[in-house]
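The sequence and the structure are shown first, and the description follows.

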Amino acid sequence: MKIPKYIEFHNETNYVLSRFLKAAEPEEGCCILIGKTNSLAKDQKRNIWEVTHIWNCRNIWGEKESKLLDKNISGLSIQADIQSSKTNRFEIDPKDQIRSQQWARENDLEVLCCAHSHPSGENKPSEIDLFLQQSPSLMVISNKYGDLKAWWIENKLNFHSVKIEIFSLM
């Protein structure tokens, strides 16, 4: 997957995303962003991702369905100081992932990336976010004020910000 030049939020999706993530507080909220990449867009020379729909997801961190608790995260420097819970971790329910992918395909759209909140922290990838990232991809993170930032995560050591554009009909 190629890094986008920037991402566009259309039809108030940025506002919807911020509200969904804020509603989960004090826990981390999580959503899936659905839309189009330039592979579906008219202009093939641009690599711009267009977010047109937000799929609100259930955070299952620490619940019996969770698969991430089994991962060995003991080597991380932050683990000695922080108790893992839904207030500082998230795991998207696989049922939400499957449903959002099916809905996107049925509507000729794509799942672009996931978004989550850091209700008491910065809107940049945490050490655990980077550790659990499996492949190069985009991640959108909201801070406690609802401010969104997008990040391209290449690997556990290499990530950088991606510009966000807001498009509204108003």
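## Terms and basis

A residue is called buried if its relative accessible area is under 20%, exposed if over 50%, and partly exposed in between, with a 1.4 Å probe and protein chains only. Helices (H or I, at least four residues) and strands (E, at least two) are DSSP runs, numbered from the N terminus.

The model is predicted, so local features need pLDDT of at least 70 and side-chain atom pairs count only at pLDDT 80 or more, whereas totals for chains, interfaces and linings use all residues. Residues are numbered from 1 along each chain as its sequence is written, and side-chain values use heavy atoms, with hydrogens and water left out.

## Overall architecture

The protein chain contains three helices and seven strands. Read from the N terminus, their order is β-α-β-β-α-β-α-β-β-β. Of the 170 residues in the chain, 45% are buried.

The accessible surface, computed by the Shrake-Rupley method with a 1.4 Å probe, is about 9,700 Å² for the protein chain, and carbon and sulfur atoms account for 51% of this surface. A contact is defined by heavy atoms within 4.5 Å. Among contacts between residues at least 6 apart in sequence, 67% join residues at least 24 apart.

Two strands are said to pair if DSSP finds at least two bridges between them. β2 pairs with β3 in the antiparallel sense over seven bridges, and C31 stands opposite N56 in β3.

Strand β4 (residues 110-117) is mostly covered, with six of its eight residues buried. Four bridges connect β4 to β5 (residues 137-142), and these two strands run parallel. H116 has I141 in β5 as its bridge partner. Together with helix α3 (residues 127-132), β4 and β5 make a right-handed β-α-β unit; right-handed here means that, with the strands pointing away from the viewer, the path from the first strand over the helix to the second runs clockwise.

A nonpolar core is a set of buried Ala, Val, Leu, Ile, Met, Phe, Trp, Tyr and Cys residues joined through side-chain atoms within 4.5 Å. The largest such core has 18 residues, of which I7, F9, L17, L33, L138 and V140 touch the most other members. At least two residues of this core come from each of β1 (6-10), α1 (13-23), β2, β3 (48-57), β4, β5 and β6 (148-153). A second, separate core of nine residues includes I32, I34, C57 and L109.

In helix α1, the buried residues are T13, N14, L17, S18 and L21. Viewed down the helix axis, they fall within an arc of 135° and so line one face of α1; the arc is that of the directions from the helix axis to the C-beta atoms. The face turned away from this buried side carries the exposed residues Y15 and A23. Leaving aside residues up to four places away in sequence, L17 touches F9, C31, L33, I54, A115, V140 and L148.

## Residue E165

E165 is found in strand β7 (residues 159-167). Its relative accessibility of 21% places E165 among the partly exposed residues. Although E165 and H10 are 155 residues apart along the chain, their C-alpha atoms are separated by 8.8 Å. Residues up to four places away in sequence not being counted, E165 touches Y6, I7, E8 and F9.
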